[in-house]
Amino acid sequence: PYFGHKLNAIFAQQWFVLGGQPFDFQNTKNNFPSSMRSSDKPDMCAIFLTFPGNPVNPCYEYHVQLIQRCQQNIIINNPYILHEPLWHILKHLPPRQCAKIHFVTCVDETDHQLVPYSMNEHAGPVIQKGVKFTDYSTLCKRFSHWKVTLDSDTKTIFHGSSNLNTRSILHDFEINILVKSENAYQQVKQTLNMDIHTGKSLTEKDFTTHKLIDKIAVATVAYFS
C-alpha cells in the first residue's frame, strides 16, 4: 500500500501537468477493483524497476527467463515486439518450448512504423517453430499500449510500462509489477482471451521476405527506436 500510494501520487501530478483530469489518488477504492481483490488476503507483489544506463534490465530479463523456462503456457501482450536479441532467442528455442508461447499484439493498427517490418522479418521462422501470434487489431481496428504477461503455471501477472523494443530496454525509465493473485489473473486472462478469440491468428503466409533496402531501414531505425 505504501509504494502504491507513492506511485499514484507521482502519476497524479504528472497526469495533471500534461493536461489530464485531476483525480483523488488517495482514495484506495480507485486503486484496484474489488472484483479483482483476493478477499481479505493481500496479493503478493514485486516491483521491477529499470533506468537508462542500467547494466541489467529486470523487466526484459523477466521475459527472457519466462520464455526460456516456462513450464506451462504464457501469454505476452505487448505492442512493440522489436528487440533483435529477443527475436534471436525465440528463433533458437526448441519447438517444445515455442509451443508454450503466445504473443498478442497489434500489427495492422500501430503507432510504430517498424512493427510490421519487424514482424515481417522475423515472425515467419518463429511461427514455424510453434510460437503463436494474434493480431487483435485486424478486425476491431483498435490499438492499445497495454503491456501484460500471464504465466499460467504460477498464476502471476506481469504488467507495467516496459515494452519489448530496444529503446525501452536500453534507454528508458520503466516500471513493472509482478502480481500473484488468482482473482486478478482470471480477470486479465478473460480480457486477453477475448482479444485472442476476436483477433486474427497469424501464420507464415502473413509475412513475406523483405527487400534488402527494407532490411537496412529496419536495422538502422531499430537502433534508435
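1. Ser-137 lies in helix 6 (residues 137-140). Helices here are DSSP runs of H or I with at least four residues, strands are E runs of at least two, and both are numbered from the N terminus. This is a predicted model: local features need pLDDT of at least 70, side-chain atom pairs count only at pLDDT 80 or more, and totals for chains, interfaces and linings use all residues. Residues are numbered from 1 along each chain as its sequence is written, and side-chain values use heavy atoms, with hydrogens and water left out.

2. Ser-137 has 0% relative accessibility, so it counts as buried (under 20% relative accessible area; exposed is over 50%, partly exposed in between; 1.4 Å probe, protein chains only). Not counting residues up to four places away in sequence, Ser-137 touches Thr-105, Cys-106, Val-107, Asp-108, Glu-109 and Arg-142 (contact: heavy atoms within 4.5 Å).

3. The Ser-137 side chain reaches two backbone nitrogens: that of Asp-108 at 3.5 Å and that of Glu-109 at 3.1 Å.

4. Turn to the rings. Six aromatic pairs are present (ring centres of Phe, Tyr or Trp, the latter by its six-membered ring, within 6.5 Å; planes under 30 degrees apart are stacked, over 60 edge-to-face, the rest tilted). Phe-48 and Tyr-62 pair edge-to-face, at 5.9 Å centre to centre and 75° between planes. Phe-48 sits in strand 1 (residues 44-50) and Tyr-62 in helix 2 (residues 58-69), 14 residues apart.

5. Phe-48 also pairs with Phe-158: centres 5.0 Å apart, planes at 80°, so edge-to-face. Phe-158 is in strand 6 (residues 156-160), so this pair ties together parts 110 residues apart in sequence. Phe-48, Tyr-62 and Phe-158 form one aromatic cluster.

Terms used: Polar contact = N/O pair within 3.5 Å; in protein donor to acceptor, adjacent residues only side chain to side chain.
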